[in-house]
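This report describes selected local features of one protein model.

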Amino acid sequence: MADGAAVRRQPFHRILRDGTQQAIDRAVADETPIAIEYNGLGYAVLMASAADLEDLAFGFSRAERLIDEARQIVDVEAHAVERGNILRITLSPERVDLVAERVRHRVSESSCGLCGIENLEQALRPLPMTDPGEAPADAAIFAALDALSSCQPMNGATGAVHAAALCGRDGAIRLVREDVGRHNAFDKLNGAMLRGGLDWAGGFALLSSRCSFELVEKAALAGCPTLVTVSAPTGLAVDRAREAGLRLIVLARPDAMLVAG
């Protein structure tokens, strides 16, 4: 598995209000096309960070409802090419028909899962019901928020990368994945958990982004009981979370958070 560089140095000219200029260089997050193929069929092109691509393969496949279990992916190969990366995924024979039914060529800024779907009913397919269980303590969520920035090396270097974290019931951050796209970061986290046989164990997901309905759907499909995001939700995100029985906590900041009713 060859992941490309996700961070690079870039020269800039810094211009101050008084007209003073200076040459500087700083880290920037690379954003690269990732072409996804299933069993030789082109499926999607994502704009993503070229890191943890095997996790992306598993998480994206689950979010697209092409797999339910890790064993249903036989192989993943990432190939760096001149203009990006090709992620070649081989599904087990019983899952191939699902790809044939849903293959579409699409280019999107993130793995939103909607581009090219003409039937609106397909865009809002039924979600599995989640078991929210006992709510994590407020103190645990605030503890995770305090710790998140220290677990984001790519964002620390660039200031331009989202994170998705698996947090324990006590708020300890167990696993983090980063990407320029919030959808991709969550897919990578879910994929890493699927590959590693990890479950939520009464914990929660913490995302450094706004809460769109696609993130709610990814959480429900991954069996996540509680989704916490640092920014605001859309109305559809709140509706979909309610439909799936998913506990949704938004605008989670160091001093306050909102629990969706």
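Predicted model: local features only at pLDDT ≥ 70, side-chain atom pairs only at ≥ 80, totals over all residues.

Just after α1, Arg65 adopts a positive phi of about 65 degrees, and the residue is not a glycine.

The loop between β4 (41-48) and α1 contains Asp52. Asp52 also has a positive phi, about 55 degrees, although it is not a glycine. With a relative accessible area of 28%, Asp52 is partly exposed.

## Burial of α1

How many of the 11 residues of α1 are buried? The number is nine, so α1 is largely enclosed by the rest of the structure. The buried residues are Leu53, Asp55, Leu56, Ala57, Phe58, Gly59, Phe60, Ser61 and Ala63.

For the protein as a whole, buried residues make up 49% of the 261 residues. The fold contains eight helices and 12 strands. Of the contacts with a separation of 6 or more, 54% are between residues 24 or more positions apart.

## Packing of α1 against α6

Two packed helices are described by the angle between their axes and the distance between the axes. For α1 and α6, the angle is about 100 degrees and the axes are 6 Å apart. This angle lies within the range of 65 to 115 degrees, so α1 is roughly perpendicular to α6.

On the α1 side, the contact is made by Glu54, Asp55, Leu56, Phe58, Gly59, Phe60, Arg62 and Ala63. On the α6 side, the contributors are Asn184, Asp187, Lys188, Asn190, Gly191, Ala192, Leu194 and Arg195. By class, the contact of α1 with α6 comprises six nonpolar, four polar and six charged residues.

## Ala185 within α6

Helix α6 spans residues 182-196 and includes Ala185. Is Ala185 buried or exposed? Ala185 is buried, because its relative accessible area is 0%, under the 20% cut-off.

Leaving aside residues up to four places away in sequence, Ala185 touches His162, Ala163, Ala164, Arg177, Glu178 and Asp179. Ala185 and Val161 are 24 residues apart in sequence, and their C-alpha atoms are 8.9 Å apart in space.

## The second largest cavity

Rolling a probe the size of a water molecule over the atoms shows where empty space is left.

Which residues line the second largest cavity? The lining consists of Gly59, Arg62, Ala63, Asn190, Lys218, Leu221 and Ala222. The elements that give two or more residues to this lining are α1 (53-63) and α7 (213-221). The largest share, three residues, comes from α1. In terms of class, the lining residues of the second largest cavity divide into three nonpolar, two polar and two charged.

Gly59, Arg62, Ala63 and Asn190 line the second largest cavity and take part in the contact between α1 and α6. Among them, Gly59 and Ala63 are listed with the buried residues of α1.

Terms used. Residues numbered from 1 in each chain as written. Heavy atoms only, no water. Helix = DSSP H or I, 4+ residues; strand = E, 2+ residues; numbered from the N terminus. Buried < 20%, exposed > 50% of the residue type's maximum accessible area, 1.4 Å probe, protein only. Contact = heavy atoms within 4.5 Å. 1 Å grid on protein atoms, 1.4 Å probe; cavity = no way out; pocket = protein on both sides within 12 Å on 5 of 7 lines; lining within 4 Å. Nonpolar A, V, L, I, M, F, W, Y, C, P; charged D, E, K, R; others polar. Axes fitted to C-alpha atoms, helices over the stretch in contact; angles between N-to-C directions. Parallel < 35°, antiparallel > 145°, perpendicular 65-115°, else oblique.
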